[in-house]
Amino acid sequence: MNWQRKVNKALVRFTGFQIERAGGQAPRPSAPTAPEVRPPADPKTDRLLEAPVFILSPVRSGSTLLRAMLNAHSALHAPHELHVRRLQVRHGTSLAAKAMAALGHNEADLEHLLWDRVLHRELVRSGKRYIVDKTPANAFAYERISTCWPDARFVFLLRHPASIAASWHEASPDRRTPEEAALDALRYMKAVQRARTALPGLTVRYEDLSSDPGRVTREICAFLGLEWEEGMLSYGRQAVLEKGLGDWRDKIRTGTVQPGRALPSPEEVPEALKPMARTWGYLP
């Protein structure tokens with residue numbers, strides 16, 4: 001019957017499945033393939049940003065403090081966490097996909113254009129030269145980010161794994177136990193370590209940043225090819241203090257660098273974190 005054919009066509013279109021009489025075998029829908037992730041075909045026209053800076057760090061490792069200090073530099077704009085890797089582009093129709101393919105774009109290419117445009121717009125509004133993004137989840141997408149921006153610079157920010165886990169638990173004690181916080185934070189640590197292994201960049205430690213901010217910020221400025229500015233040590237009031245976009249607690253609100261917590265003893269390090277603590281040089 002005609003209505004049955006119409007229903008089947010609609011099912012195939014929207015679900016990939018169709019109805020058949022018992023005994024028949026419906027064709028299995030093909031799984032959608034992920035678009036190829038590739039560098040810009042023509043960086044000069046496909047990218048507006050010049051040498052963006054990404055701070056790759058686990059959660060609760062001092063990235064908001066570092067962001068605030070870098071943002072105080074006259075050449076660096078470091079806004080709140082931007083989460084651009086979660087901005088997605090989808091072809092609404094097969095005709096749109098065909099049209100973009102004729103221009104040489106797949107969905108990943110279009111997402112890269114979107115990411116670049118969003119960051120570039122924010123940078124232009126700031127009037128500065130380079131943008132800095134410190135979203136911790138970027139560590140899970142370091143390959144994608146380095147492919148999108150081949151000239152990106154990376155600063156890896158480490159902190160004692162046990163301190164990260166303790167702070168991650170304290171941030172939402174009703175959501176995760178200390179044990180769960182350690183395992184969840186470890187995912188970020190492993191992602192950062194993978195990025196450190198794969199990418200060139202500068203590694204700094206939160207403990208050094210909080211105890212000797214002048215030396216560490218000088219190292220970062222030298223890495224970025226910038227003159228150091230004393231104003232980085234007194235970064236001032238932050239415009240965005242909101243959970244999910246960075247640290248919102250009192251230490252950050254002060255506008256100056258505050259001492260970090262005391263390092264845990266070896267006995268206080270959870271067993272699950274000891275291998276990473278050794279890898280990062282916090283345990284022998």
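Predicted model: local features only at pLDDT ≥ 70, side-chain atom pairs only at ≥ 80, totals over all residues.
User: How many aromatic pairs does a search of the whole structure find?

Analyst: A pair of aromatic rings is described by the distance of the centres and the angle of the planes. Rings of Phe, Tyr and Trp (its six-membered ring) pair if their centres lie within 6.5 Å, and planes under 30 degrees apart count as stacked, over 60 as edge-to-face and the rest as tilted. The search finds four such pairs. One of them joins Phe54 and Trp149, which are tilted, with 5.4 Å centre to centre and 35° between the planes. Phe54 lies in strand β1 (residues 53–56) and Trp149 in the loop between α6 (142–148) and β4 (153–158), so the pair ties together parts that are 95 residues apart in sequence; helices (H or I, at least four residues) and strands (E, at least two) are DSSP runs, numbered from the N terminus.

User: Are Phe54 and Trp149 buried or exposed?

Analyst: Buried means under 20% relative accessible area, exposed over 50%, and partly exposed in between (1.4 Å probe, protein chains only). Phe54 is buried, with a relative accessible area of 1%, and Trp149 is buried, also at 1%. A second pair, Phe140 and Tyr188, is edge-to-face, with 4.9 Å centre to centre and 65° between the planes. Here Phe140 is partly exposed at 32%, whereas Tyr188 counts as buried at 12%. Ring pairs also link Phe54, Trp115, Trp149 and Phe154 into a cluster.

User: Which residue lies over the face of Trp168?

Analyst: A charge sits over a ring if NZ of Lys or CZ of Arg is within 6 Å of the ring centre and within 35 degrees of the ring normal. Arg176 lies over the face of Trp168, at 3.9 Å from the ring centre, and Arg153 lies over the face of Tyr130, at 4.8 Å.

User: How many salt bridges does the structure hold?

Analyst: A salt bridge is a side-chain nitrogen of Lys or Arg within 4 Å of a carboxyl oxygen of Asp or Glu, and the structure holds twelve. Among them, Arg129 pairs with Glu50, the closest N and O atoms being 3.6 Å apart. Arg129 lies in the loop between α5 (107–126) and β3 and Glu50 in the loop between α2 (43–46) and β1, so the pair ties together parts that are 79 residues apart in sequence. Arg215 and Glu219 meet at 2.9 Å, N to O, and both lie in helix α10 (residues 213–224), four residues apart, about one turn of the helix. Arg90, Glu107, Glu111 and Arg144 are linked in a network of salt bridges; in this network Arg90 counts as exposed at 54%, but Glu107 as buried at 16%.

User: How many disulfides does the count come to?

Analyst: A disulfide is a covalent bond between the sulfur atoms of two cysteines. The rule asks for a pair of cysteine sulfur atoms within 2.5 Å, and by this rule the count is zero. Cys148 counts as buried at 0% relative accessibility, and Cys221 is buried at 2%.

Notes
Residues numbered from 1 in each chain as written. Heavy atoms only, no water.
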